[in-house]
Amino acid sequence: MGFDPSQDPELLNDFITESGELLEQVDRDLVALESTPDDKALLDSVFRAMHTIKGSGGFLALDELCSFTHAAEDALNVLRKGDATLDTATMDLLLEAVDIVRSQVESLAAGEPVEPGPDELVKRLRAVGADPAETTDDAGDGESAEAPAVAGAGTLNLPPNKAELLPFMVDDLLVSLEQIGGMIDSGSDVGAAQSGAPQLSIACEELVRSAAFFELEILTEEINAIAGYADALSSIDAETLTHAKPRAQAIVGVMHDRGEALRDAVLLPTSSDGLRSALAKVLTGDFDGDPPADAAVALAADEQDAADSATESSTDTPAAETGADATSAAVAPATEQNVPTQAAAASNNKPRDAVKPTAEQTIRVDVRRLEALLNMVGELVLQKNRVMGMTRRLGTVPGLDGDMLEDLGQVASGLDRVTAELQLEVMKTRMQPMDKLFSRYPRVIRDLARATGKKIDLQITGAETEVDKSVIEALGDPLVHILRNSADHGIETPEDRAASGKPETGVIRLTAEHDGGSVRVIIRDDG
């Protein structure tokens, strides 16, 4: 079932905008990766961008887009693991896949149905993305081997669109937990812990969205517990930190084990009620005794305390609920259905409704609103000029109170200053760096070099130079035309360059620089 844009057009527009930005980033990263194929950070960046597009597309039920990006992710994941080599042919394949995803997003933007990716391209991506460990011959009876079961674990029953996304969510979860664990460990004293609190909060906020999407309530509660720890760091003291830190580390350890089990679509029944309850008490100042030496001690002690409390409370349980039935209930698999009951057992650890959001530094604004605001500022400038003119005329009228004229002059001068600053700031909202345009061209030159058999190095300077949005839009096609001419007719083939005593690789320089009140864009080649 596809997404109905009439249900939430704003959500769809956000997806289109974000996907367009991510695809531009993927283009840049892939071209850079071709010259540095061992750069794991770039490869991870590409994978995460495609993963984000697929995850958002899955949320919007964009089945055709999700199916195709799934194949691209498979290929990228194997490259990340080092089970395949990123050669030129594979790079061509990945760039072609990016173009297909871009065309699918453009179809959405145009209100047209999304076409599925070409079957042949999907097969080639699957071939790159085939994990060698999964391509061994089946058993003689033809039956596939079953995934090893985790004792006492509950099998997740996810809808198909979520089941396909689960492996990627697990990868992100485990990477994020490593980062979160590192942040907690690095807070060796109060000052260090407080300085790392904002990053810890952001990491938790991103994770809780994924956990909520997959309806993993116990995992959500555990992430919220760490987020509560991050929030409390702003006012924590040294003694509280020594009690809280090992327990936060232990909760991260439990989540890591849970994440590993999720690889097999199972949810471990391991309880963290005692840990979360103890952490909540510590953060509110309700603690006594010696702090646990490390995470393992915290896990053992707090969960034992929770078990002891449960045992004591069981003496008040009616006889009909004791015995085998009660035992069976205590060890029931922690599936998504019974997680709320398990989470509620920690009476001293009330779950937070949501992770405290971190203030965003940027927002997206419709261009039409900026245009309207700019027009209103223009009207304001006209009215300001009228006030300034009236003030000057009144200064020539004899007999008027001098103090009043002085006050009026100061008001008019202040209005002039504020209006000028407002006009400048509003105009700046339309300014964008040339990198918005220049970042597209390494891919253009790369494709031209492949098509012509030439070696071309595009060198860009001044990408941070800002110009009005309308200028960037107007420059796009002319610059592509000039760059194509430079690559086609300016740069010679490697053989011709070698015969002329030049390096085999030709250089095209794309430069943006200020020239008075204008911006000069220069394209030079050494052909």
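Student: In which loop does Glu-215 lie?

Tutor: This is a predicted model, in which local features need pLDDT of at least 70, side-chain atom pairs count only at pLDDT 80 or more, and totals for chains, interfaces and linings use all residues. Residues are numbered from 1 along each chain as its sequence is written, and side-chain values use heavy atoms, with hydrogens and water left out. Helices (H or I, at least four residues) and strands (E, at least two) are DSSP runs, numbered from the N terminus. Glu-215 lies in the loop between helix H8 (197-213) and helix H9 (217-232).

Student: What is the phi of Glu-215?

Tutor: Phi of Glu-215 is near 60°, a positive value in a residue other than glycine. Ala-265 also has a positive phi, of about 60°, and is not a glycine; the place of Ala-265 is the loop between helix H10 (238-262) and strand E2 (266-267).

Student: Is Glu-215 buried, partly exposed or exposed?

Tutor: Buried means under 20% relative accessible area, exposed over 50%, and partly exposed in between (1.4 Å probe, protein chains only). Glu-215 is partly exposed because its relative accessible area is 46%. Ala-265, at 25%, is likewise partly exposed.

Student: How many disulfides does the structure hold?

Tutor: A disulfide is a covalent bond between the sulfur atoms of two cysteines. The criterion here is a pair of cysteine sulfur atoms within 2.5 Å, and the structure holds 0 disulfides. Cys-66 is buried at 7% relative accessibility, and Cys-204 is buried at 1%.
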